[in-house]
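Trainee: Please walk me through this complex. I want the confidence first, then a close look at one helix.

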Amino acid sequence: MADGHHHPLPTTAVEDRVAALEALLVDKGILDAASMDAIVEHYEHAVGPMNGATVVARAWADPDYRARLLADGTPAIAELGFAGPEGDHMVVVENTDAVHNVVVCTLCSCYPWPVLGLPPNWYKSPPYRSRMVREPRALLAEMGCVVPDEVEIRVWDSSAEVRYLVLPQRPAGSEGLTEEELAALVTRDAMIGVQRL
Amino acid sequence: MSPVEARDAAFAEPTLPRANGAPVFDAPWQARAHAMAVLVVERTGRTWDDFRARLIGAVTESPDRPYWESWVAALDDLVDESVGGLSGGAVPGGGVPGAAGDGPGAC
């Protein structure tokens, strides 16, 4: 990992082994970085954020669960069976008519893997990390997420200790949907806060 | 085996940890290890069953080892046979079927 020296958690032996294998295979011409990235990118979208979407859908459907989730994210998320070392201290922040939340990790790429899967490439990019703090409204607009002027934007800086999940607003017209149908409306980007549903 | 077929076979792998039917990765290195297995199988002209047999062997050998570490052990084994691996020393003449000629531009 290029930004490894910033990462608060040291790499493990198995991570090093995977990196060494990848380097060897690239060297031998069996793999190329572009093909690896293409597959991993597919995983980011196809297999990542399902757990988070399940949490959000439950919160939309069940006010008691929503209250527990906002009061203390980690145990509420664990109720649904999602836990892990990268989800130990989850804080859930709720979007409202007056507030839009967005998550960044200014130091490296801390991310709630157990609920969101793999972080997208741009999450780790220096421009995202610096501009989301400096000029969130402009950057969000560039990413296709226009936040009305009257809505306050709150930027949350994830760390190895605390990882944030955005609870998006339930879309209008979604009354009567089942939890499963609601979960299908929830995107990874909405749970990072770079999309409004 | 096309990349899409290899990926389908890899995702159909019944031992993968899943949530709501979808495979889950707890960390990026696990996804990279998964992607690597897909590509090595495809580009060395093997089948997913070849990798699968090694994975089952690795799990059976150390049942208490975390799943993804067994995956890496199986991958290690596959790579070792394909290119000599990290500990197997130099590869004489690059003996990888399908890799030397096709190269990365093949797909």
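Trainee: Among the elements of chain A, which helix has the lowest mean pLDDT, and which has the highest? After that, please focus on helix H4 (residues 67-83) of chain B.

Mentor: This is a predicted model, in which local features need pLDDT of at least 70, side-chain atom pairs count only at pLDDT 80 or more, and totals for chains, interfaces and linings use all residues. Residues are numbered from 1 along each chain as its sequence is written, while chains are lettered from A and ligands numbered from 1 in the order written.

Your first point concerns pLDDT, the predictor's confidence in each residue, from 0 to 100. In chain A, helix H6 (residues 113-116) has the lowest mean among the elements, 74. Helix H4 (residues 63-71) of chain A has the highest, 97. Chain A as a whole averages 86, and 86% of its residues reach 70 or more. Residues 1-8 of chain A stay under 50. That stretch has 8 contacts beyond four places in sequence; a contact puts two C-beta atoms, placed from the backbone, within 7 Å.

Stay with H6 of chain A for a moment. Leu116(A) sits in that helix. Leu116(A) has 26 C-beta neighbours inside 10 Å, so it counts as buried; the cut-off is 20 or more other C-beta atoms within 10 Å. Its C-alpha lies 9.5 Å from that of Thr187(A), 71 residues away along the chain. Contacts between residues 24 or more positions apart make up 72% of those in chain A with a separation of 6 or more. Of the 197 residues in chain A, 38% are buried. The chain has 10 helices and 4 strands, taken as DSSP runs (H or I, at least four residues; E, at least two) numbered from the N terminus.

Now chain B. Its mean pLDDT is 72, and 60% of its residues reach 70 or more. Helix H3 (48-61) of chain B scores highest, at 92. Helix H5 (residues 99-102) of chain B scores lowest, at a mean of 33. Residues 88-107 of chain B fall below 50, and this stretch has 30 contacts beyond near neighbours in sequence. For the complex, the predictor gives an ipTM of 0.73 and a pTM of 0.60.

Chain B has 5 helices and 2 strands, running α-β-β-α-α-α-α from the N terminus. It counts 107 residues, 40% of them buried. Residues 24 or more positions apart supply 56% of its contacts with a separation of 6 or more.

Here is your helix. H4(B) has 17 residues and reaches 24 Å from first C-alpha to last. That is close to the 24 Å expected at 1.5 Å a residue, counting one less than the number of residues. In H4(B), 12 of the 17 residues are buried, so the helix is largely enclosed by the rest of the structure. Among them are Trp68(B), Trp71(B), Ala74(B), Leu75(B) and Asp76(B). Ser70(B), Ser82(B) and Val83(B) are buried too.

What covers these residues? The cover includes H2 and H3 of chain B, together with helix H1 (13-27) of chain A. Take H2(B), residues 28-43. Its axis comes within 10 Å of that of H4(B), and the two cross at roughly 35°. From H2(B), Gln30(B), Ala33(B), Met36(B), Ala37(B) and Val40(B) take part in the meeting. Their partners in H4(B) include Trp68(B), Trp71(B), Val72(B), Leu75(B) and Leu78(B). Val79(B) and Ser82(B) also belong to the H4(B) side.

How values were computed: Axes fitted to C-alpha atoms, helices over the stretch in contact; angles between N-to-C directions.
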